[in-house]
Amino acid sequence: MGKIDLHIHTTASDGSYTPSGVVELAYKDRLSAIAITDHDTVSGYAEAAEKGSELGITVVPGIEISTKYGGPIHILGYYIDVNSQKLRPVLDWVIHDRDERNRKMAELMAADGLPVSYDEMKERFGEAIGRPHFARLLVELGLASSTRDAFDRYVEKGQKYYLPRNFLSIERSVEIIREAGGIPVLAHPFQYKRDDAGLRDIIEHCMEYGLMGMECRYSGYDAQMSGYLESLANEYGLLKTGGSDFHGISKPDIRLGEGKGGLNVPCEFLEELKAAAGK
């Protein structure tokens, strides 16, 4: 097995490549396996899996659920049953809440005279609109120099057009992934800016509800950072995963399979993940 990437987003959420487009890019870049981990949805998996079968690339069904535990925390889920009747109602609630928040953000912009229509945005970008899409639109309108600039000045927390959203609890996020037959994994641990005790608190709390793994290799994590996380995973008996968090246009410095450069996700991570899922 060659290079793999277990953290990828598509147009089913806030990525800029379609699910089949991501698989085609993976084929071009000589990846042998990828996981589609769109935010709060599994709607992109079927298309990606079909293209993966055509091109000989393994496509793992996954998801990334946004939660809170003293601040934003993300939980990845791997090898979930995308048709699970337990998963669907939960995701429907998450998506409805997100849509209502984003519609109100568009209305705030329109009230200030900006040519922003939520319905037109959905026609252009697809059903899963998020802040990255607003950022792209603000750049196109000449109101920001980059998507990062748009976030910083318009749609980041504390800025004029930002509105909060409700989140599924971290406990329920872990549980629902398990109920859907999947492997729940703590995503990009260093992003939460916790010290060792704080990170252990998250891990131990989530393990009470069924956490099974931790993302140890990630874009921008050097060997020392990854080594610390792998040691922590071993200590707690957690599976290890890794991925780029590829989005495409909104994160242009992150390449599929390579992250910000030097990302190397061992094939054993996927083999152990697959075995734990009984696949």
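**A guided set of views**

**View 1. The whole chain, in a predicted model.** For 279 residues, a compact globule would have a radius of gyration near 19 Å, and the protein, at 18 Å, agrees with that. This is a predicted model. The C-alpha trace spans about 55 × 45 × 40 Å along its principal axes, and the protein holds ten helices and eight strands. Buried residues account for 55% of the 279 residues. Of the contacts between residues at least 6 apart in sequence, 71% link residues at least 24 apart.

**View 2. The largest nonpolar core, seen around Leu 186.** This core has 51 residues, and Tyr 78, Leu 186 and Met 214 touch the most other members. Leaving aside residues up to four places away in sequence, the residues that Leu 186 touches include Ile 73, Ile 75, Tyr 192, Leu 199, Ile 202 and Met 214. A second, separate core has 19 residues, among them Leu 114, Ile 129, Leu 138 and Val 155. In soluble globular proteins, nonpolar side chains tend to be buried together.

**View 3. Helix H7 and its buried side.** Helix H7 covers residues 170-179, where Ile 170, Ser 173, Val 174, Ile 176 and Ile 177 are buried. These residues lie on the same side of H7, because they cover an arc of only 165° around the axis. An α-helix has 3.6 residues a turn, so residues three or four places apart point the same way.

**View 4. The neighbours of H7.** The buried residues of H7 pack against several elements, including strand E4 (72-78), helix H3 (87-111), strand E6 (183-186) and helix H8 (196-207). Just after H7 comes Gly 181, with a positive phi of about 80°.

Methods
Residues are numbered from 1 along each chain as its sequence is written. This is a predicted model: local features need pLDDT of at least 70, side-chain atom pairs count only at pLDDT 80 or more; totals for chains, interfaces and linings use all residues. Side-chain values use heavy atoms; hydrogens and water are left out. A nonpolar core is a set of buried Ala, Val, Leu, Ile, Met, Phe, Trp, Tyr and Cys residues joined through side-chain atoms within 4.5 Å. Buried means under 20% relative accessible area, exposed over 50%, partly exposed in between (1.4 Å probe, protein chains only). Contact means heavy atoms within 4.5 Å. Helices (H or I, at least four residues) and strands (E, at least two) are DSSP runs, numbered from the N terminus. The arc is that of the directions from the helix axis to the C-beta atoms. The radius of gyration is taken over C-alpha atoms; the globule rule is 2.2 Å times the number of residues to the power 0.38.
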